[in-house]
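Student: I would like to go through a model and learn how to read its backbone features. Where do we begin?

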Amino acid sequence: MITLYTFGPHFGLPDPSPFVVKALVQLKMSGLPFEINSKGYSKAPKGKLPYLNDGGEIIADSTFIRRHLETKHGIDLDRGLSAGQRATGWALEKMCEEHLYWTIVDSRWMMTKNFNKGPRHFFDAVPAPLRPLIIAKMNRDTKRTLWGQGIGRHARADIEWLAMRDLDAISALLGDQPFLFGDEPHAADASVYGSVASALCPLFDTPIRAHAESKANLAAYAKRGTARWFPELAASRA
Ligand SMILES: N[C@@H](CCC(=O)N[C@@H](CS)C(=O)NCC(=O)O)C(=O)O
């Protein structure tokens, strides 16, 4: 049996991490049976989620999870795509994960009103006397990470502009298709859906979200993905 380690649903999303959402969607697309465990963070081999356990074999990182599906289970999530489409999918996926993602981290962690509504609650179970210390440390660590990545060196309006360019690119490539490469989803949809759903998360007030909402095809894409992969969430929103 495959076990996927996740954070669990938060913020009205299947998971607060777009990488976990991507792994959940990849597994759902694979058709393999799997279970979810939201208590594995402390044992994460790379200190991050997602990772999975497939009969004792541990695979950390959403992209290596995809590779594992390909190599161990012979599942090609890009079946039917041309080499050019596969390349476009890879480029879009990495734009979401290595660029758009950081703008979303910035908006959730560095904007006080969003932090208080969202990530602050990750620490609700920490004993009260320790909580402010842990929260301050996590904030410092996240700020340092954003600085190191580079995005944290920009003015917020510039960060938001970068995010909007990403969303424009996704919207333009998606056009009026149900999924990125036509009627059926492929590998990149797992990642792009996770990122677009994160950008649209109704809990957080950001110009990034407003921009995503202004693109009718992105809003419809996220809704379509939620209905297909997380129907329980779609029902709770209806
Ligand atoms: N490249 C990794 C990225 C995973 C990642 O960044 N996960 C974040 C959540 S979005 C995490 O677990 N952060 C916890 C930490 O850094 O302590 C993947 O594709 O799985």
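Tutor: This is a predicted model. Begin with F11, which counts as partly exposed because 17 other C-beta atoms lie within 10 Å, while a buried residue needs 20 or more.

Student: Where is F11 found, and what is its phi near?

Tutor: Most residues other than glycine have a negative phi. Phi of F11 is near 60°, a positive value, and F11 is found in the loop between β1 (2-5) and α1 (18-30).

Student: Which residue other than glycine has a phi near 100°?

Tutor: That residue is D61, and the value is positive. D61 is found in the loop between β4 (57-60) and α2 (62-73). With 18 other C-beta atoms within 10 Å, D61 is partly exposed.

Student: Which residues does a cis peptide bond join?

Tutor: Most peptide bonds are trans. Here L49 and P50 are joined by a cis bond, with omega about 10°. P50 has its place in the loop between β2 (34-37) and β3 (51-54).

Student: How many helices and strands does the protein chain have?

Tutor: The protein chain has 10 helices and four strands, and along the sequence their pattern is β-α-β-β-β-α-α-α-α-α-α-α-α-α.

Student: What radius of gyration does the protein chain have?

Tutor: The value is 18 Å, which agrees with the radius near 18 Å of a compact globule with 238 residues. The C-alpha atoms fill a box of roughly 55 × 45 × 40 Å along the principal axes. Of the 238 residues, 35% count as buried. Among contacts with a separation of 6 or more, 66% come from residues 24 or more positions apart.

Conventions: Residues numbered from 1 in each chain as written. Predicted model: local features only at pLDDT ≥ 70, side-chain atom pairs only at ≥ 80, totals over all residues. Helix = DSSP H or I, 4+ residues; strand = E, 2+ residues; numbered from the N terminus. Rg over C-alpha atoms; globule rule 2.2 N^0.38 Å. Buried ≥ 20, exposed ≤ 12 C-beta atoms within 10 Å, placed from the backbone. Contact = placed C-beta atoms within 7 Å.
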